[in-house]
Amino acid sequence: MTAQRVDEAAPYQNPADATLAVEVAAAVEGVAGVAFLRPGLTDRLRSVLGRGGAGVPAGVRMSRVDGDGPWQVEIHVVALRRARTVDVARGVRDTVERRLDALAPTLPTPRVTVTVTGLV
């Protein structure tokens, strides 16, 4: 079994997966208490080198072991100081699960990991 990895270091293999990741990123940015998605190294280099975005959302990593399995979703966010970190993380996880269920209702429930990498 070969793992398909979709992350900040590699472009999406499937345009539908890229669209799904963009939708997830947009949903996360709307969660109360989220300041922004944590930009990864690739995003920082792109901005320094002046290259436009390649469609890979900062702070969102998605992978699937096979085409029938659940999405493994890793979200990295920076939260607002006024918000409780645990509430932000739970809100992000719940939002990602609901959004993926709405966009791909036939797939198994995703496994979502949320990391709050900082506070502003």
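**View 1. R84 and D87 join side chains in a salt bridge.** Their N and O atoms are 3.1 Å apart in this predicted model. A salt bridge here is a side-chain nitrogen of Lys or Arg within 4 Å of a carboxyl oxygen of Asp or Glu. R84 is exposed, at 53% relative accessible area, whereas D87 is partly exposed, at 39%. For these words, buried is under 20% relative accessible area, exposed is over 50%, and partly exposed is in between, using a 1.4 Å probe and protein chains only. As background, side chains of opposite charge can pair when their charged atoms come close.

A word on how to read these views: the model is predicted, so to speak of local features takes a pLDDT of at least 70 and side-chain atom pairs count only at pLDDT 80 or more, while totals for chains, interfaces and linings use all residues. Residues are numbered from 1 along each chain as its sequence is written, and side-chain values use heavy atoms, with hydrogens and water left out.

**View 2. A salt bridge runs between E23 and R99.** The closest N and O atoms of this pair are 2.5 Å apart. E23 belongs to helix α1 (residues 15-29) and R99 to helix α3 (residues 85-103), so the pair ties together parts that are 76 residues apart in sequence. Helices (H or I, at least four residues) and strands (E, at least two) are DSSP runs, numbered from the N terminus. E23 is partly exposed, with a relative accessible area of 29%, and R99 is partly exposed at 29% too.

**View 3. E74 and R61 make a salt bridge.** Here the N to O distance is 3.8 Å. E74 sits in strand β4 (residues 72-79) and R61 in strand β3 (residues 60-64), so this pair, 13 residues apart, links distant parts of the chain. Both residues are partly exposed: E74 at 26% and R61 at 23%. In total, the model has four salt bridges.

**View 4. S63 is a buried residue in strand β3.** Its relative accessible area is 11%. How far apart are the C-alpha atoms of S63 and V73? They are separated by 6.7 Å, although the two residues are ten apart along the chain.

**View 5. The charged end of R64 sits over the ring of W71.** The distance to the ring centre is 5.1 Å. To count, NZ of Lys or CZ of Arg must be within 6 Å of the ring centre and within 35 degrees of the ring normal.

**View 6. Stepping back, the chain holds three helices and five strands.** Along the sequence they follow the pattern β-α-β-α-β-β-α-β. Of the 120 residues, 41% count as buried. Among contacts with a separation of 6 or more, 72% come from residues 24 or more positions apart, a contact being heavy atoms within 4.5 Å.

View 7. pLDDT is the predictor's confidence in each residue, from 0 to 100. Its average over the chain is 82, and 76% of the residues score at least 70. Where pLDDT is low, the predicted coordinates should not be read in detail.
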